Amino acid sequence: YQRRVHGKNYLVGGMFTNNRIAANIKFCGVTNLLSKDLVNFYLADEQAKKDGRGKKYEHMARAVAQYLKNPPPRQSMTVEEKDDGTPSVNPQSLLLHIMCGNDYLYIMCALNTYPTRTAMSFLERLKAQADHDVQRPNKKKFTDVAAALCDQYANPHTVDPLSAARHGVETVRAQMEENIDGVFRNMESAEDLGDKAVLLNQQGMDFMTKAKELNCALCCKKYQNKIICALIGLFLLGIIIFSLYRTF
């Protein structure tokens with residue numbers, strides 16, 4: 001959800017429900033390689049429209065044809081947007097995919113985790129549907145085509161079987177690793193519980209031994225007092241008998 005603080009919108013917690021808004025795909029467009037003009041442009045990242053990054057992305061799309069003086073038929077490169085929006089190489093940012101055809105450069109920008117294979121499939125579809133329209137730009141038609149493709153390709157695992165299989169393997173591996181970690185944690189807990197049980201048993205044995213020793217000590221003290229009392233009684237009785245004997 002968004003929270004407005006001091007006149008600005010901030011994204012607080014959670015994720016958007018729409019995959020395209022979640023910004024797997026940033027933008028796509030078509031550039032004329034001869035005139036270096038941006039023929040068509042579609043901003044797929046809804047959040048970029050709100051925070052002002054949309055203009056930077058559009059400027060980046062305009063600069064691609066000039067930045068790549070001799071672009072190959074297909075290419076993918078990691079880029080970072082500068083303050084002025086021009087692309088620069090950086091391994092920690094976005095992934096820019098291009099495809100050339102009939103003097104036009106088809107561009108698609110996505111997160112650097114987006115599969116290249118799926119991005120090229122996206123560009124092939126975009127080229128096939130927009131190629132006949134680039135000489136006479138129709139912004140609304142291009143927007144409809146690009147929006148439909150961005151929605152379809154927002155989640156690469158739904159359009160690329162290989163990516164889906166890889167994602168499934170990674171998911172299973174992550175689950176297995178979590179299960180193994182859980183087993184090890186349970187084993188450690190069981191070992192700790194066993195150690196505590198042994199310690200508790202030892203403490204119980206020590207308590208029983210000390211209790212027996214204390215009981216024996218109390219019994220000995222009890223009988224000792226009785227014996228002393230009996231000896232004192234016998235001594236007094238002997239004195240009385242000896243006194244009576246001397247009297248008579």
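Start with arginine 53, which is partly exposed at a relative accessible area of 22%; the term covers values between buried (under 20%) and exposed (over 50%), using a 1.4 Å probe and protein chains only. The model is predicted, so local features need pLDDT of at least 70 and side-chain atom pairs count only at pLDDT 80 or more, while totals for chains, interfaces and linings use all residues. Residues are numbered from 1 along each chain as its sequence is written, and side-chain values use heavy atoms, with hydrogens and water left out.

Aspartate 45 is buried, at 1% relative accessibility.

Next, select aspartate 51. It also forms a salt bridge with arginine 53, with 2.9 Å between the closest N and O atoms. Aspartate 51 is partly exposed, with a relative accessible area of 41%.

Move on to arginine 74 and glutamate 124, whose side chains meet in a salt bridge at 2.4 Å, N to O. Arginine 74 lies in strand S5 (residues 74-81) and glutamate 124 in helix H3 (residues 116-130), so this pair ties together parts that are 50 residues apart in sequence. Strands (E, at least two residues) and helices (H or I, at least four) are DSSP runs, numbered from the N terminus.

For the last stop, select Lys26, Asp45, Asp51 and Arg53 together: salt bridges that share partners join these residues into one network.

Definitions and conventions: A salt bridge is a side-chain nitrogen of Lys or Arg within 4 Å of a carboxyl oxygen of Asp or Glu.
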